[in-house]
Amino acid sequence: IPVAIVLSILFAFGILFRAPLPGSLCQRYGGPRIADRPAAVALFRGRKTMCRIGSVKSRTPVHPSVALNLMLPQQEGHDNSGFAMVMQDLGGVFSHYKDKPLLSLACTPQGVQLVNDYMEEKGFVQVAQWVPEVDRRPGLKIESMPRYVFRNYDYPEIYRYRGREAREDLLLDTRLALRSLLDEGDNGFVYSFWPDVLTLKEIGDPADIAAYFRLWNDDGRLTARNIVTQCRQNTNYDIVRYAAHPFFLQGYTLCANGENTFFTKNTEFQKSLHRGYIGFESDSQNFLYTLHYVLHELHWPITYYKHVITPLPFVEAEKRADREVLGLIRESLAHLEINGPNAIIGLLPDGRMIACCDSKKLRPVVLGGDGNMVAMASEVCGLNAVLPDRDPAGDIYPHEREMVVIDNDLAVRRWNQ
């Protein structure tokens with residue numbers, strides 16, 4: 001047997017049956033487990049091998065506990081190593097500041113001071129702040145940061161009358177500068193700086209993280225119409241909060257369940273495309289950066305995103321009336337094609353949600369609704385938990401050639417490549 005064939009078989013076997021990489025967060029945390037809800041303790045338990053993703057889109061603002069209950073039944077598919085969420089179109093304490101950029105921050109006391117000094121120097125004026133009242137009881141399995149700060153700012157005076165593009169660039173550059181500033185002394189993390197968007201990421205058991213931030217208690221202060229979430233930390237590289245899904249960039253949010261074997265090819269190309277494409281702590285960040293590039297930078301229609309990441313086979317593309325367009329897309333952005341098993345959930349700046357899969361549909365995703373809310377999840381048991389009265393016959397399981405878009409009126413549109 002030729003050596004090349006033997007090596008290919010061994011490589012494939014290693015990919016399919018590899019052990020967790022050193023430094024990946026497949027480890028368990030020691031110590032007793034405490035949570036506000038017994039059901040949470042029972043469900044968020046055990047060492048698992050895959051991640052699970054989910055999202056909710058509601059006509060009225062909902063509490064993060066809805067997203068948590070969406071993820072609870074899916075615990076067999078993740079390893080209880082972290083919880084993260086991005087909330088958009090906020091209600092509660094943030095409902096009066098929708099046009100003011102919101103800074104989501106986890107840091108040390110020194111990090112808070114560094115941020116204060118920088119924002120004051122640049123002319124940002126703080127107009128509101130929400131600091132979560134955390135539960136510091138012993139035994140919660142969370143690697144908490146000393147400070148969590150969520151602040152609304154008014155723009156520097158010179159930017160208050162500038163256009164949308166100038167403001168967007170300012171917010172991106174400010175977040176990148178703050179990230180660099182906090183990285184220097186390991187003083188914290190800045191996840192998003194954008195109007196009407198809040199981001200929370202933490203390492204630990206999801207149920208205990210929820211207990212720590214009192215996310216089981218719906219007191220009306222923290223709500224949103226759109227929530228995207230995942231219950232697993234990074235499993236590709238080192239344990240770092242920036243690697244936790246969902247990822248956010250200039251209004252675009254994305255989380256994924258799977259693995260991108262074209263990570264290196266995507267990364268090297270994306271580094272040359274935009275100053276905001278940094279970090280690459282997770283191979284799924286490539287999906288967000290491509291989404292941002294296709295829609296925000298190139299101003300292409302959303303349907304082209306699917307053509308970029310999972311282009312049609314050449315034989316099929318040649319038979320289509322739009323073969324010239326498809327050929328140009330593939331020729332110019334070949335390095336943004338993805339490979340491997342993946343399911344993707346995205347949230348756009350205008351509030352629309354999207355879902356799509358890899359070209360072979362090797363990862364599951366399902367969506368369903370009841371007229372007041374639409375939810376997406378890796379497993380249908382999540383939908384059953386938060387939408388028990390829906391008609392399951394209306395559930396949608398996107399296939400490998402499909403893009404699903406949920407509009408702000410909860411209308412669901414399906415598009416095939």
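Author: Two strands pair if DSSP finds at least two bridges between them. Helices (H or I, at least four residues) and strands (E, at least two) are DSSP runs, numbered from the N terminus. This is a predicted model, where local features need pLDDT of at least 70, side-chain atom pairs need 80 or more, and totals for chains, interfaces and linings use all residues. Residues count from 1 along each chain as its sequence is written, and side-chain values use heavy atoms, without hydrogens or water.

Reader: Which residue of E8 stands opposite Val-56?
Author: Start with the strands. E1 and E8 are antiparallel and share six bridges. Within this pairing, the residue facing Val-56 is Ile-227.

Reader: What is the bridge partner of Ser-55 in E14?
Author: E14 covers residues 373-377 and runs antiparallel to E1, with five bridges between them. The E14 partner of Ser-55 is Met-376.

Reader: How many of the ten residues of E1 are buried?
Author: Buried means under 20% relative accessible area (exposed is over 50%, partly exposed in between; 1.4 Å probe, protein chains only). Strand E1 spans residues 53-62 and is mostly covered. Its buried residues number seven.

Reader: Is Ser-65 buried or exposed?
Author: Ser-65 belongs to helix H3, residues 64-71. Its relative accessibility is 12%, so Ser-65 is buried.

Reader: Which side chain makes a polar contact with the side chain of Ser-65?
Author: A polar contact is a pair of N or O atoms within 3.5 Å; within protein, one must be able to donate a hydrogen and the other to accept it, and sequence-adjacent residues count only if both atoms are side-chain atoms. Contact in general means heavy atoms within 4.5 Å. Beyond four places in sequence, Ser-65 is in contact with Leu-215 and Trp-216. The polar contact, at 3.0 Å, is with His-63.

Reader: Which are the edge strands of the six-strand open sheet?
Author: The strand order is E9-E10-E11-E12-E15-E16, with antiparallel pairing. An edge strand here pairs on one side only, and that holds for E9 (247-249) and E16 (412-416).

Reader: Which residue in E11 stands opposite Thr-253?
Author: Strand E10 (residues 252-258) and strand E11 (residues 342-347) run antiparallel, joined by six bridges. Opposite Thr-253 is Leu-347.

Reader: What angle does helix H8 make with E10?
Author: Helix H8 (residues 285-297) packs on the sheet and touches E9, E10, E11 and E12 (353-357). Axes are lines fitted to C-alpha atoms, for helices over the stretch in contact, with angles from 0 to 180 degrees between N-to-C directions. The angle to E10 is about 140°.

Reader: Why does the pair of Phe-189 and Tyr-242 tie together separate parts, and how many residues apart are they?
Author: Rings of Phe, Tyr and Trp (its six-membered ring) pair if their centres lie within 6.5 Å; planes under 30 degrees apart are stacked, over 60 edge-to-face, the rest tilted. This pair is edge-to-face, at 5.2 Å centre to centre and 70° between the planes. Phe-189 sits in strand E6 (residues 188-195) and Tyr-242 in the loop between E8 (224-230) and E9, so the sequence gap between the joined parts is 53 residues.

Reader: Which residue has its ring face under Lys-265?
Author: A charge sits over a ring if NZ of Lys or CZ of Arg is within 6 Å of the ring centre and within 35 degrees of the ring normal. Arg-330 lies over Phe-314, at 4.0 Å from the ring centre. For Lys-265, at 3.9 Å, the ring is that of Phe-262.
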